[in-house]
Structure formats: C-alpha cells, structure tokens
Amino acid sequence: MSLTETEDALPAPGASAEPCSAPAPDMPWWKGASIYQIYPRSFQDTNGDGVGDLAGITRRLHHVARLGVDAIWISPFFTSPMRDFGYDVADYCGIDPVFGTMADFDALVAHAHALGLKVIIDQVYAHTSDQHPWFAESRSDRGNPKADWYVWNDPKEDGTPPCNWQSVFGGPAWTWDGRRRQYYMHTFLKEQPQLNMHNPAVQDAVLGVARFWLERGVDGFRLDALNHAMHDPLLRDNPPAPADGRLRTRPFDFQLKTYSQSHPDMVRFVERLRAVCDEHGAVHTVAEIGGDHPQADRRAYTEGERRLNSAYGFDFLYAPALTAQFVADTLRRWELAPGETGGWPSWAFENHDAPRAVSRWSAPQDQAPFERVKMALLMALRGNVILYQGEELGLVQDEIPFEQLQDPEAIANWPLTLSRDGARTPLPWDDAPLGGFTGGEPWLPLSAENLARAVSVQEADPASLLHFTRKVLALRNASRALHHGTLAECTADGALLSFDRVEGGERVRCLFNLSADPIAFPLPAEGEVLLAVNGATKAGLPAYAALWLTI
C-alpha cells in the first residue's frame with residue numbers, strides 16, 4: 001500500500017499530548033518551540049478541486065507530529081476573494097468554502113491537540129479585503145458609523161494622492177474612491193484597504209476576532225505585517241531612500257518608510273492584545289516585522305511581560321547568501337544588553353513569501369550537503385524555529401512560467417518578482433504525477449525535481465533529509481541548552497561559524513562550515529560529539545559540515 005493509502009493509520013512516534021521533554025516545569029510551552037508552517041492551499045486536497053483544505057491538513061497531521069515539532073502555524077483560511085490568497089480577509093470569523101467549514105476547523109484543532117500539537121493561526125490586522133462588510137459601510141459615505149474605520153483622505157489641490165507613500169506591490173499606496181470622493185490607503189493591493197488602527201473601535205473589533213478564535217481552542221497567533229498596521233496621521237511624505245547597492249524593482253524600494261509604518265502607538269495595541277491572550281492562558285504571539293530596519297520594532301513589540309512573546313523578520317528569508325559573518329551579525333542583534341527584558345526571537349529560513357533557501361543559498365551540485373548543514377544551523381539557534389512545509393524534504397524553488405503565475409506581486413513585477421509562487425507549489429506526498437496532493441488539476445504545478453523528494457520516497461530512505469530532520473529536532477528537544485538556553489561566544493572566522501548554547505551546567509558548542517571548502521582545526525580532546533554532519537570530526541569540517549559538541 002502507498003503512503004497516501006495508509007497515512008491515517010500510521011502511528012506518530014514521539015508525538016504526545018505533553019510538551020517536549022526539554023522545558024523546565026515553569027517554562028511556557030512556546031519558549032524554544034519548533035513550529036511547522038502549513039500553507040493550506042498547497043498541503044493536501046481532499047475534494048479534488050486542486051486546492052488544499054482543512055480536512056487535508058487533519059489527514060496529514062501525523063507526518064507533522066512525527067517530525068517532533070511543538071506546533072503548527074496555519075496560513076489564512078478565512079473567507080476571502082483570494083486576491084492575495086487569504087491575506088485579504090472578507091470575514092475574520094468565517095471559513096472560506098474552498099478550505100471547508102468551521103466543523104472542519106474544529107476537527108483539525110481536536111486532532112492536533114490529540115497529537116500533542118499546538119495550533120497557531122494568522123491574524124491580519126493591518127488591512128481587510130475591499131469585500132469586507134466594514135469597508136462596504138465605510139466607503140458608502142463620509143457620515144456612517146464606520147466612516148473612519150479605514151484610512152481616508154482628501155486629494156491635494158491638484159487631485160493627486162494625499163502623500164507620496166508607495167504600496168509594497170507597486171504603485172501609489174492610495175486609490176481613489178468615487179463614492180466618498182476621497183483616496184483610501186492600502187499598503188499592499190488596492191483590494192486590501194488599510195484599517196485605521198488608531199481608532200479604538202477598530203482595535204476593539206479586531207480584539208473581538210482574537211477572542212473568537214481563542215474560544216475555539218487556538219493556542220496562538222502569528223500577526224501578519226504588524227508594524228504596517230498604524231500610519232502617521234499627519235500623512236507626511238516619506239523621504240527618499242539612499243542607494244545601498246540593491247536592485248530596486250518597485251517604487252516602494254525608493255523610499256524610507258519613516259511615516260507609513262512603525263508608528264510608536266502600535267505598542268499600546270500590542271499590550272491590549274497581550275492582555276486578551278493572557279485571559280486564555282499560555283497563548284503564543286509572534287509578530288511578523290518587515291522593513292529595512294526592523295530590529296527596533298521587534299524589540300519594542302516583545303519587551304517586558306506585557307507585550308508579545310516573540311517576533312521575526314526577513315533577515316534570512318530574503319538573504320541572497322548564507323555566510324558565517326551574516327549569521328553572526330544577525331544573531332547578535334537579538335542579544336540582550338544588561339537590564340533588557342525583551343528580545344525572544346523566532347527564526348525562519350523559508351516561508352510562503354520567500355524563495356526556497358536551498359535554491360537561494362547553494363549551487364545545485366552542493367544542495368545535498370547544504371540542506372543538512374542548513375537544518376542543523378536552524379535547530380541550533382536561540383529562539384523559536386519555524387519550518388516551512390517541504391523544508392524537511394529539501395524542496396527546491398520551482399520556476400513557474402508567466403502564464404501559470406497566480407501571485408499578484410509576481411504578475412505585476414514580472415520578471416523581477418519575489419518568486420512567491422515558486423515556494424507555494426503543492427507538497428509532494430508521493431512521486432506519482434500529482435504527488436498524492438490532489439485528484440484534480442493542482443492550482444500550481446508540481447515539478448519532477450520536487451516529486452523526486454516526496455515524503456514516501458524519503459520515508460523509505462533512512463539517509464534522507466526527512467529522517468535527518470527528525471533526528472536534529474529530537475536532539476534539540478532533549479537538550480535544555482539547545483532548546484531554550486542562552487547564546488554565547490558567537491564568532492565568525494571566514495566560513496567558520498561558531499557559537500555556544502548554554503543552560504545551567506549544560507553547554508553545547510555548535511560549529512558550521514558554510515562553504516564548499518574544508519576547514520581543518522584541532523579541537524580540545526574534551527567534549528562529546530552530539531551531532532556530526534557531512535563527515536565532521538574534531539579534526540575539521542569538510543564542505544558544508546557541522547558539529548555539535550557537549551563541553
């Protein structure tokens with residue numbers, strides 16, 4: 001029988017209703033957690049329409065549980081016209097029919113909890129769909145009860161937009177609306193009007209949404225584009241961005257986002273949200289923080305005991321290369337100075353918005369060793385780690401021809417795109433033509449290269465990346481130092497990255513060769529090898545090798 005036929009009956013080694021063994025009794029479940037991101041359109045289709053659904057997630061959760069992760073994060077499944085594939089929400093408390101029903105969601109949560117998996121869902125508070133009833137009322141005239149629930153403003157005397165802000169996906173961040181004879185703001189698509197989060201009634205409404213999902217049993221929220229959710233009420237022009245050597249593909253790239261994002265009052269809303277989450281116990285909150293200089297917001301949003309638990313950005317997600325110096329510099333930015341209380345990071349090398357890391361960071365001939373050193377590095381980082389679906393298989397970036405593109409950003413900015421469709425192709429469960437994903441026409445194509453990396457293929461190969469991922473996750477979960485310890489002695493010497501993870505009397509030294517050239521060095525005789533990757537020994541690291549030592 002195939003994996004597809006037997007998936008539901010397979011046991012889940014290592015899965016239980018309890019957290020992993022590493023946290024101390026008073027440690028919250030999320031501190032040091034490993035989280036598996038599911039992009040529901042591409043995980044598993046059960047009704048043959050070519051689009052993944054909630055029932056498909058439930059069916060395949062055994063695969064996730066066997067990895068040894070603590071939680072799943074599910075990208076949006078709410079009612080939506082799908083102009084931005086769910087990040088344009090038309091009903092925050094509804095399930096889009098393409099993904100199923102509320103009963104399907106409840107069954108998913110129940111099954112995840114039975115397998116010992118927490119459930120984190122997206123919340124999108126920066127904007128809604130233009131099909132949301134709130135926006136329909138807001139745009140109807142200037143005197144209705146929701147007139148100021150979105151960001152509206154009059155044109156300048158010459159009819160042009162109120163200020164020079166640009167949208168992420170291209171063009172001005174303002175669209176004219178004939179009903180109100182005003183412009184409305186949108187940081188992303190014009191079909192995603194910006195909520196006015198300065199308005200207390202809007203804050204109350206989205207906090208009501210959070211309560212709705214908490215009462216349905218979710219264990220946390222990933223907060224989309226959170227530092228985009230408040231604007232400068234004075235609508236001051238953004239200054240031009242100085243050239244930094246990077247290729248500018250959109251008008252958005254030519255500005256410093258001084259006034260269009262990262263308003264300091266957002267911290268007050270963050271504290272209100274944390275209070276709502278605290279009403280429901282150990283709920284995990286992680287903010288997505290974008291921008292050219294995100295660290296100040298990441299620290300501000302996670303500082304102290306009244307704000308969010310964690311935050312992550314695009315440090316690794318859009319990095320063109322993985323070098324020792326880059327990793328060391330990135331990790332150090334999250335380290336705390338004496339007296340600081342914030343700064344618990346979350347890390348992702350891949351997600352639904354960024355090209356697959358093995359394709360960005362390694363040459364094709366180096367992908368096999370590179371995918372292992374990359375996984376060992378991710379699992380050694382201080383903070384929470386996020387695995388994107390298919391990362392455990394080493395899926396590569398798919399090249400999607402223009403005529404098959406679905407992503408509005410890719411279509412608008414072709415050929416210089418963010419390449420999001422290429423990271424969103426369906427997960428291959430077996431190596432049949434449709435990968436066991438669907439019985440119909442998949443919404444994005446599956447490549448032969450990724451079909452060869454299917455779950456069933458790697459299950460049958462003890463030396464596969466899938467089995468390796470389970471191994472390094474088990475080592476992380478069993479070690480308090482790796483799971484939630486501090487970071488120490490972080491250095492970069494050429495291609496050699498070295499740091500220690502420390503908790504109590506346990507210290508793990510982590511060494512990585514992030515190049516194709518071997519590195520020779522004699523290590524002290526003391527210390528036990530906890531993990532050796534790609535032929536690593538105490539005498540040196542071959543190409544793309546890693547070594548974890550207990551010292």
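**Sheet and helix packing**

In this predicted model, strand E16 (residues 506–513) and strand E20 (residues 546–550) run antiparallel and are joined by 5 bridges. Take Arg-509 as an example: its bridge partner in E20 is Leu-549. Strands of a sheet pair through backbone hydrogen bonds, either parallel or antiparallel.

Stepping back, E16 and E20 belong to an open sheet of 5 strands, with the order E14-E15-E16-E20-E18 and antiparallel pairing. At the edges sit strand E14 (486–493) and strand E18 (528–533), each of which pairs on one side only. On average, neighbouring strands of this sheet are turned by 15° against each other, direction ignored.

Two helices pack on this sheet. Helix H10 (residues 367–380) touches strand E15 (496–503) along with E16, E18 and E20, and its direction makes about 150° with that of E16. Helix H14 (residues 465–478) touches E15, E18 and E20, and its direction makes about 150° with that of E18.

H10 and H14 also meet each other. Their axes come within 10 Å and cross at roughly 20°. With angles under 35 degrees counted as roughly parallel, H10 and H14 therefore fall into that group. The crossing of H10 with H14 is right-handed. On the H10 side, the contact is made by Glu-371, Arg-372, Met-375, Ala-376, Leu-378, Met-379 and Ala-380, while H14 brings in Leu-465, Phe-468, Thr-469, Val-472, Leu-473 and Arg-476. Sorted by class, the residues of this contact come out as 9 nonpolar, 1 polar and 3 charged.

Elsewhere in the chain, another pair of helices comes up. Helix H5 (residues 200–215) packs with helix H6 (residues 266–278) at an angle of about 30°, and their axes are 10 Å apart. H5 and H6 are therefore roughly parallel to each other, and their crossing is right-handed. From H5, the contact draws on Pro-200, Gln-203, Asp-204, Val-206, Leu-207, Ala-210, Arg-211 and Leu-214; from H6, on Phe-269, Arg-272, Leu-273, Val-276 and Cys-277. The contact of H5 with H6 is made up of 9 nonpolar, 1 polar and 3 charged residues.

Finally, there are the aromatic rings. The count for the model comes to 31 aromatic pairs. One of them is formed by Phe-78 and Trp-213, a tilted pair with 5.6 Å centre to centre and 55° between the planes. Phe-78 lies in strand E3 (residues 78–79) and Trp-213 in helix H5, so this pair ties together parts that are 135 residues apart in sequence.

Terms used: Residues numbered from 1 in each chain as written. Predicted model: local features only at pLDDT ≥ 70, side-chain atom pairs only at ≥ 80, totals over all residues. Heavy atoms only, no water. Axes fitted to C-alpha atoms, helices over the stretch in contact; angles between N-to-C directions. Helix = DSSP H or I, 4+ residues; strand = E, 2+ residues; numbered from the N terminus. Parallel < 35°, antiparallel > 145°, perpendicular 65-115°, else oblique. Left-handed = near helix turned anticlockwise from the far one by under 90°. Contact = heavy atoms within 4.5 Å. Nonpolar A, V, L, I, M, F, W, Y, C, P; charged D, E, K, R; others polar. Pairing = 2+ DSSP bridges. Phe/Tyr/Trp six-rings, centres within 6.5 Å; stacked < 30°, edge-to-face > 60°.
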